[in-house]
Structure formats: structure tokens, C-alpha cells
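Please open the model in the viewer and keep the selection panel at hand.

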There are 2 protein chains.
Amino acid sequence: MTLKEIASLAGVSPSTVSRVINHPGSKAASREVENKIWQIIRETGYIPDASARNLKLRSVLAQNQARQKAIGCILARTHTSDPFFSKVTRGLEREALRNGYTVKYIFSYEDLRNPDIQEAIQQTKVEGVALLGRPDSKMRSFLKTNYKKIIYAGLNNIDSEFDQITCNAYLASKTAVSYLAELGHTHIAYLGERKNEIRYRGYLDAISQLALPLNRERIIDIHLSAEDGYRAAAKLLSSTRDVTALFCANDLTAIGAMKAAKESGCRIPEELSVIGIDDIETCQYTTPMLTTIHIPMEDMGIMTAKILIDRIETGKRIPMKVELPFRLIRRGSCAAPPSKPNHPPQAME
Amino acid sequence: MTLKEIASLAGVSPSTVSRVINHPGSKAASREVENKIWQIIRETGYIPDASARNLKLRSVLAQNQARQKAIGCILARTHTSDPFFSKVTRGLEREALRNGYTVKYIFSYEDLRNPDIQEAIQQTKVEGVALLGRPDSKMRSFLKTNYKKIIYAGLNNIDSEFDQITCNAYLASKTAVSYLAELGHTHIAYLGERKNEIRYRGYLDAISQLALPLNRERIIDIHLSAEDGYRAAAKLLSSTRDVTALFCANDLTAIGAMKAAKESGCRIPEELSVIGIDDIETCQYTTPMLTTIHIPMEDMGIMTAKILIDRIETGKRIPMKVELPFRLIRRGSCAAPPSKPNHPPQAME
DNA sequence: AATTTTTACCCAAACGTTTGCGTAAACATT
DNA sequence: AATGTTTACGCAAACGTTTGGGTAAAAATT
């Protein structure tokens with residue numbers, strides 16, 4: 001079905017049909033004609049061809065009004081299965097849909113060298129993009145040349161020109177460490193990423209402000225996955241037993257770490273406290289349940305959509321960095337440390 | 001940048017540029033000219049306009065060769081965060097990419113009434129679609145009218161005209177139940193969906209073939225989420241204590257159920273065995289680790305892509321239903337039932 | 001009744017691309 | 001030298017749409 005065909009069915013010219021479709025209710029056509037056209041459109045299930053429309057509109061309106069009513073969501077492939085991102089995208093989609101926008105996903109920006117992907121990105125026409133996951137500089141410049149409206153959503157503080165929807169992960173980390181300290185812990189390990197990681201800085205600052213001992217061995221640089229958390233904790237616990245608490249940069253890591261701890265015969269929370277960040281669903285299904293910092297992931301998605309759409313519709317950009325509140329969720333994985341060192345140096349073993 | 005501009009920069013006509021782009025290396029242009037054109041294209045970062053190209057190609061080649069090099073992936077919203085689908089899509093994407101295809105995601109078909117979504121679906125030009133999640137009849141007819149090449153990937157046996165990539169969930173269920181029976185269990189509950197669910201039928205048939213007692217109370221119709229699994233198990237265990245094993249229709253459900261069991265003071269696997277289906281990552285991070293039926297989720301995605309792309313490229317359809325092998329993964333959540341009834345009727349309490 | 005205004009519609013050009021057809025030049029064959 | 005063949009390229013039409021610029025007929029104003 002084409003505009004032309006609709007036109008001939010209705011016995012009018014294509015232009016009339018076009019005007020009716022794009023300016024319904026205007027005086028462009030008589031009542032009768034307009035009704036007839038809509039009826040035919042309904043009967044035939046006609047939907048205007050996007051390619052043709054775009055082609056024309058882009059030139060006529062110079063990208064001003066070429067409404068796609070779609071926003072893009074750029075996501076690192078590695079993160080696809082991270083519950084954090086599922087939650088954020090859920091909020092994003094919900095809010096977008098409520099405003100008549102659809103979301104187009106563009107995955108795996110680490111494959112940017114792949115020309116197929118480049119082309120696909122180039123071709124998915126969206127009016128703005130939500131950026132999830134930490135972009136490297138190459139990615140940032142690519143984005144800037146390709147999109148005008150970009151909003152970053154996530155926990156990383158990317159000091160960039162993009163608007164950001166975040167939680168204060170720095171403060172969240174300090175909160176987590178402080179909480180462990182309050183419980184009486186002094187030997188607190190860090191499991192997570194180090195480079196450019198604001199959570200790592202939060203950990204460091206908390207440790208120094210609380211005047212706790214800092215030890216390189218207790219800082220482990222890993223990717224944020226359960227697998228890595230498991231391996232890191234296993235290694236850590238086999239080499240040293242003076243650690244009484246693990247601060248993990250996210251829940252996935254924490255869950256992996258808990259498994260390793262239990263396997264090495266370490267009771268949680270009696271002998272080892274573990275805390276994570278995010279509050280993903282799985283936290284509630286581990287034994288014990290994982291104490292964590294709740295990040296309002298879905299709200300982050302919602303805010304991202306709201307602001308993006310606002311920028312799209314008003315055309316105005318008020319640069320901003322939105323910080324959503326986090327909060328500590330006390331569950332079962334943290335407690336006071338054992339009164340004496342877990343394993344008196346030589347006594348056991 | 002447009003073809004025309006490239007052409008004038010190169011001092012040739014648009015047609016020459018077009019031919020060079022679409023038939024590189026052919027004798028359409030002289031060596032010099034061709035090189036020059038490519039160089040200019042590289043310098044300017046020109047990418048052909050998708051709209052214009054589609055518009056033209058669709059007519060010229062009559063949907064025969066209108067290459068998008070893209071496949072669609074339609075996904076039920078409710079399942080977006082289900083690890084099962086993350087895994088399948090990961091495989092799908094990997095394989096697609098290896099063949100130069102990109103994947104476009106089209107979410108939430110239960111919102112089909114939403115005209116925005118309908119339009120979005122209509123407009124995402126793909127050469128075939130992978131369908132994940134169980135489609136209702138409305139969805140099926142919508143798909144059939146909109147797409148020629150559709151492959152369903154998942155555990156449900158949708159007796160339909162689509163090609164299917166599945167695991168034999170019926171047999172998988174029987175395997176799970178048989179395994180529990182082998183361990184000595186006789187009172188085995190089912191937690192999962194009932195209507196049209198092949199896993200439910202597998203459970204039923206296994207029970208009857210093994211001549212185990214069937215009891216309505218032990219069959220609980222729930223959605224496949226951890227939340228529902230938790231609630232169902234909590235309710236079940238509070239009302240009856242003769243159940244010694246839980247067959248859960250997927251791991252999420254099983255994980256929820258395990259939590260409820262532990263909270264009600266039921267030790268796993270000593271007093272209660274739990275088995276799931278899927279083998280999602282989380283299975284390895286529960287206590288005890290969850291025994292389950294491994295479904296090759298990533299392979300399912302890979303096969304889906306392979307077959308879809310084959311159909312796209314050859315234009316031929318060999319109707320097929322591919323069954324991938326599953327296997328039982330013995331972990332810690334299943335054991336022989338307690339020799340006597342868990343809780344002798346009145347004795348305890 | 002003659003005029004202006006409004007209504008209701010059509011024509012044609014343009015968006016960026018692809019391709020059938022045409023053709024001028026270069027080369028090869030007599 | 002004249003013909004045929006190949007090479008290298010341009011012309012123009014078409015894809016489905018939108019819109020400025022019409023215009024003929026109807027309605028309103030004199």
C-alpha cells in the first residue's frame with residue numbers, strides 16, 4: 001500500500017491524502033473526503049513508508065521536525081546481561097512509551113570498529129540517545145558527531161559534556177565502608193574496578209578519613225562480574241585471613257565473593273561481612289541475603305527518558321547532572337567482626 | 001554528505017559513484033576514478049543515506065534483494081530481564097555479527113495495541129525476525145503479515161507455521177522429575193505455568209508413568225519469576241509438609257522457592273530437594289547450588305541466527321524444528337528424601 | 001451581476017539513491 | 001581508413017513522500 005494507491009482508491013490526488021494524514025482536521029480537504037480517506041487507510045492497514053517520508057522530511061525541514069518519536073539506547077554488549085542495565089532500560093522504556101516514544105537499542109559500542117555496526121548505528125534514526133555503560137574517548141567523539149542529544153545514565157562520573165543521570169556512587173561507597181566501620185571492621189577489602197572508578201576513590205577516601213589501615217593486598221582490581229568476584233575473593237581469602245569485610249563494587253561481584261567465602265569455610269556474616277552496590281533482585285535470594293546500597297535503577301531510566309524527551313520537545317538544553325538518592329539496605333551479610341582475629345596466626349590450620 | 005556531493009568532489013556523475021559503491025572492483029569505473037572516489041568517501045566519512053537507498057531498492061528489486069543486513073529480535077517485555085533471554089540474544093548477536101548482520105530489538109509485543117509500537121515495528125526494516133517468548137495468536141497473525149521469515153526460539157512448543165529452535169522441554173521436565181524419583185522422592189510438587197505449558201505436561205506424564213501420587217495441591221500455577229516462586233513455595237510449605245521435592249519450571253522460580261524453604265526452616269537438600277530448568281548463572285551462587293537442567297541458551301541463539309541468515313541468503317525455506325540437547329546438572333539442591341516423613345503429623349510443632 | 005474571498009483540490013518538484021539505456025572515446029580488427 | 005568492440009561514464013526515470021504554488025469552483029461580498 002502506498003500513498004498513491006490510497007489516493008486513487010479515494011479518487012483524489014496523492015497530495016490531498018498526504019495533507020490529510022499530516023494535518024488531520026485542517027481545512028485541507030472536505031469533511032467527506034477526509035473521512036473517506038481515513039476509512040480507506042484503516043481498511044487497508046496502510047502505514048506511510050518511513051524511508052520515503054524521512055527522505056523528504058529531512059530535506060524539507062532540515063532535521064528540525066523530522067519526528068521519529070524514537071530514542072536510542074546505547075549499551076555495551078558486555079553489560080547486556082547485567083541486571084543493573086535491565087532495570088535501567090525497563091524504566092527508560094516505560095517512560096518513553098508513556099510519551100509515545102519507542103526505544104531503539106544499539107548494542108555493543110566496543111565493536112565500533114566493525115563497519116556493519118557503525119552503519120547500523122548511523123542508520124537508526126533517533127532523536128536522542130541514552131548512553132549506558134562507561135564510554136571511552138573514541139566512543140564519546142563518535143557519539144558527539146552523530147547525535148545532538150545525549151544523556152548518560154549510570155554510576156560512573158564521566159566528566160564530560162553530556163548530561164548525566166547518576167547516583168552519587170562516591171558517597172554510596174563511603175556509606176558502605178562507613179557502615180562496615182561502624183560495625184567494627186577495620187580490615188576492609190575492595191573488590192572492583194580501579195581505573196577511573198569513583199567507587200574506588202570513595203573506598204580510598206573513606207578508609208583514610210576513618211583512619212583505617214590501608215593495604216594494597218586488600219585492593220583487587222576486577223571486572224564487575226560474579227565470576228570475577230568469586231575468583232578474587234577465593235584468592236584473597238586463601239592468602240590472608242585478616243580481612244573481616246569485603247566491599248564489593250556491585251552486587252554481582254559481592255555474590256561471587258560470598259560463594260568463594262563460603263567455599264573456603266568462612267561463615268557470613270560471623271567471620272566475614274560482605275556488602276555490595278545496586279540492590280539487584282538476586283540479593284534477596286542468597287544466603288544470607290546481601291546487604292547493599294540500593295540504587296534506584298528504574299528511576300534512573302525514567303529520569304533519563306523524561307529529560308531526553310524534554311530536550312527533544314523543547315529543543316532547549318539546560319545542562320544538568322541529576323543525582324538520585326541511594327540508600328543502605330541492611331540485610332544479612334554484614335555483622336560485627338569476630339572479637340578476635342578470625343584465625344589466630346598459627347593456632348589453626 | 002550525499003552521493004551527489006561526493007560525485008562533484010570527484011568530478012564524476014552520481015551514477016558512477018553509486019556503481020562504485022555498490023559494485024566495487026567491477027569495470028564500472030576506471031582504476032583511477034574508483035580509487036579517488038573511495039578516498040573521498042573515506043575522507044568525508046560519507047555513509048549512504050538509508051532512507052533513500054531503501055526507497056529505491058525496495059522498488060527496483062521488489063523486496064527481493066533490498067538488503068538490510070539486519071535481523072529483528074522480538075522479545076516479550078516481561079522477559080526482558082530474564083537471564084534466559086539475555087543468553088539467547090547474546091548467541092544470536094554473536095552469530096549475526098559474524099555474518100555481517102546486525103540485530104534490531106523490538107520489544108514488548110503485548111503492547112501491540114499501542115499504535116506507536118506497531119508503527120515502530122513496521123518501520124524497523126529487517127530481513128527476518130527471531131521470536132523469543134511465547135506469542136499469542138494475535139501476535140502470530142501480526143507477525144505473519146509483516147514478516148516472511150520468522151524463527152521462534154524458546155522452550156515452548158508452539159505448534160505453528162514458524163520454524164523453531166528449541167530444547168525438548170517436555171523431555172527435560174520428565175528427566176528432572178525422573179531424577180527426583182530416582183533419588184527416592186514420591187511427593188513432588190510442580191511450580192510453574194500450566195496453560196499450554198509443555199513443562200507441565202512433562203511433569204504430569206512423568207508422575208503418571210512413574211506411578212507416583214498426583215495431588216492437585218502440589219501443582220501451583222505461577223509466572224516464572226523468583227518472586228512468584230518464593231510466594232508459591234512459602235504457601236505450599238505452610239499448608240503441607242509431605243512434599244519432599246520441588247520441580248520448578250525454571251531457575252528463577254526455583255531460586256525463589258529455595259529462599260522460601262529456607263525461611264520456613266526447611267533444610268535443602270536434606271529435607272527438601274529443589275530442581276530447576278535453564279542453568280542460569282545465578283544457580284551457582286545460591287546455597288546450596290541449584291541442581292538444574294542445562295539448556296544451551298547461547299547455542300539456541302546461535303542456531304537461530306544461522307538458520308535465519310541461511311533462509312535470508314538462499315531464499316529457500318526448509319521447514320524445520322531444531323532440538324538442541326539438554327542435560328542434567330547435578331549440584332547441591334537435590335538429595336534423597338528424609339527416610340521418614342519430614343514432620344510426622346502431630347509429633348512436632 | 002460582477003467582484004472578491006474561500007474552499008477543495010491538483011500539479012510538479014524535490015529529497016538521495018539506483019539502474020537501464022545511451023554514448024563518446026579508446027582500442028582492436030579488418 | 002573504416003568498422004566493430006570494449007571501456008568508462010552520463011542522463012534521466014523511478015521509488016513514496018511532502019509542500020509551495022497554483023486553479024477552478026463555490027460562497028460570500030458588493
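Begin by colouring chain A by domain: domain 1 covers 3-48, domain 2 covers 70-168 + 298-325, and domain 3 covers 169-294; these bounds come from an automatic or database domain assignment. Between domain 1 and domain 3 of chain A, the C-alpha centres are 64 Å apart.

The model is predicted: local features need pLDDT of at least 70 and side-chain atom pairs count only at pLDDT 80 or more, while totals for chains, interfaces and linings use all residues. Residues are numbered from 1 along each chain as its sequence is written, and chains are lettered from A and ligands numbered from 1 in the order in which they are written.

Next, colour by pLDDT, the predictor's confidence in each residue, from 0 to 100. The average for chain A is 86, and 89% of the residues score at least 70. Select residues 341-349 of chain A, where pLDDT stays under 50. Low pLDDT means that predicted coordinates should not be read in detail.

Now select the open sheet of chain A, whose 6 strands follow the order E7-E6-E8-E9-E10-E12 with mixed pairing (strands are DSSP runs of E, at least two residues, and helices runs of H or I, at least four, numbered from the N terminus; paired strands share at least two DSSP bridges). Its edges are E7 (219-221) and E12 (327-329) of chain A, each pairing on one side only.

Within the sheet, display E8 (residues 245-248) and E9 (residues 273-278) of chain A, which run parallel and are joined by 3 bridges. Here Ala245(A) stands opposite Ser273(A) of E9(A).

Conventions
Two residues are in contact if their C-beta atoms, placed from the backbone, lie within 7 Å.
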